[in-house]
Amino acid sequence: MIKKSLVVFVLLLLVGCHAKKSVIVTQKDSRYNSSKYKRNTSSTPTKSIAVNGTVNDYIANYKDVAMSNMKNYGIPASIILAQGILESGAGKGSLAATANNHFGIKCHNDWTGETVLKDDDAAQECFRKYNDPAESFKDHATFLTGRNRYASLFELPKDDYEAWAKGLRLAGYATDPNYPEKLISYIERYELYQYDSQVLDKKFTLNKKKMEATAIADSSTLGEYEVQKGDTLFSIAKKFNLSLEDIKQKNNMLDNALYVGQKLRLK
């Protein structure tokens, strides 16, 4: 009887030790997979901007610094904002998130500040790192004003964003052949030229021709709308110049209830 009890005790002791060992291994794996050790997937570059709210938030956050830089350095606020939106993925790109670099400015020989490495035209290229986004906006301005190859830009009218967009490409700011068209698209879609008018103390009026061209380019999105967080049926109706009853009829809706991700027919 004593031998049987001893055997049972030994078995229980072994099981207990094994259980404790498993717990230790689990804790070790958990530490290894913490954010301190694993690859930071949040640094993946933003490929496109899918939600207008993201862009609108970016504009609201940085329009004042863009207008201030226009006053101090002579660069159109519309161009500054459009470049920031495009280069930083509206503040969501990896360089903006990890280095507060909103304009994709590389290190160059005269940079003495902090740096980060990122694959771009070549592997692991050196980019500037800033303590605050405002520093990036200021450096963008001094970068353009301090280099001879951009001098011709400052002979252009401050409210001619098309000429500025094309001039940046010709001066070698970007290698993308469609860079000017992308900047112009953002400026016209989000009416960024209004901030140029404010700085120049000009009356802001919509350019109907440009608005019509933008509407044609966006015609595919006007036929259907995906409900975003914060949307109401009233705000959507106002945005697309439709009546509440018209939207409800087109979508067989019995009330005004919406849910995020819902697709609404607008035509």
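Which residue does a disulfide join to C107, and what is the distance from S to S?

Modeller: Bearing in mind that this is a predicted model, the disulfide joins C107 to C126, with 1.9 Å from S to S. A search of the whole structure finds 1 disulfide, and a disulfide is, in general, a covalent bond between the sulfur atoms of two cysteines. As for where the two partners sit, C107 belongs to the loop between α4 (94-99) and β1 (115-118), while C126 is in strand β2 (residues 125-128), so the pair ties together parts that are 19 residues apart in sequence. The torsion about the S-S bond of C107 and C126 is about -75 degrees, and the disulfide is therefore left-handed. The two cysteines can also be described by their accessibility: C107 has a relative accessibility of 6%, which is under the 20% limit, so it counts as buried, whereas C126, at 29%, lies between 20% and 50% and so counts as partly exposed.

Of the contacts in the chain with a separation of 6 or more, 54% are between residues 24 or more positions apart. The chain exposes about 17100 Å², of which carbon and sulfur atoms supply 53%.

At the start of α5, the backbone nitrogen of A134 has a side-chain oxygen of D132 within 2.8 Å. Several residues of α5 are buried, among them P133, F137, D139, H140 and L144.

The largest nonpolar core has 40 residues, and I79, Y173 and L192 are those with the most contacts inside it. Helix α5 (133-145) is one of the elements that give two or more residues to this core, together with α2 (52-73), α3 (77-88), α6 (161-170), α7 (179-189) and α8 (193-199); α2 gives the most, with 7 residues. Leaving aside its neighbours within four places in sequence, I79 is in contact with Y161, W164, A165, L168 and I187. Apart from this core lies another, of 10 residues, including Y225, L233, F240 and M253.

Terms used
Residues numbered from 1 in each chain as written. Predicted model: local features only at pLDDT ≥ 70, side-chain atom pairs only at ≥ 80, totals over all residues. Heavy atoms only, no water. Contact = heavy atoms within 4.5 Å. Areas by Shrake-Rupley, 256 points an atom, 1.4 Å probe, with all protein chains shown as cover. Core = buried A, V, L, I, M, F, W, Y, C linked by side-chain atoms within 4.5 Å. Buried < 20%, exposed > 50% of the residue type's maximum accessible area, 1.4 Å probe, protein only. Helix = DSSP H or I, 4+ residues; strand = E, 2+ residues; numbered from the N terminus. Disulfide = S-S within 2.5 Å. Polar contact = N/O pair within 3.5 Å; in protein donor to acceptor, adjacent residues only side chain to side chain.
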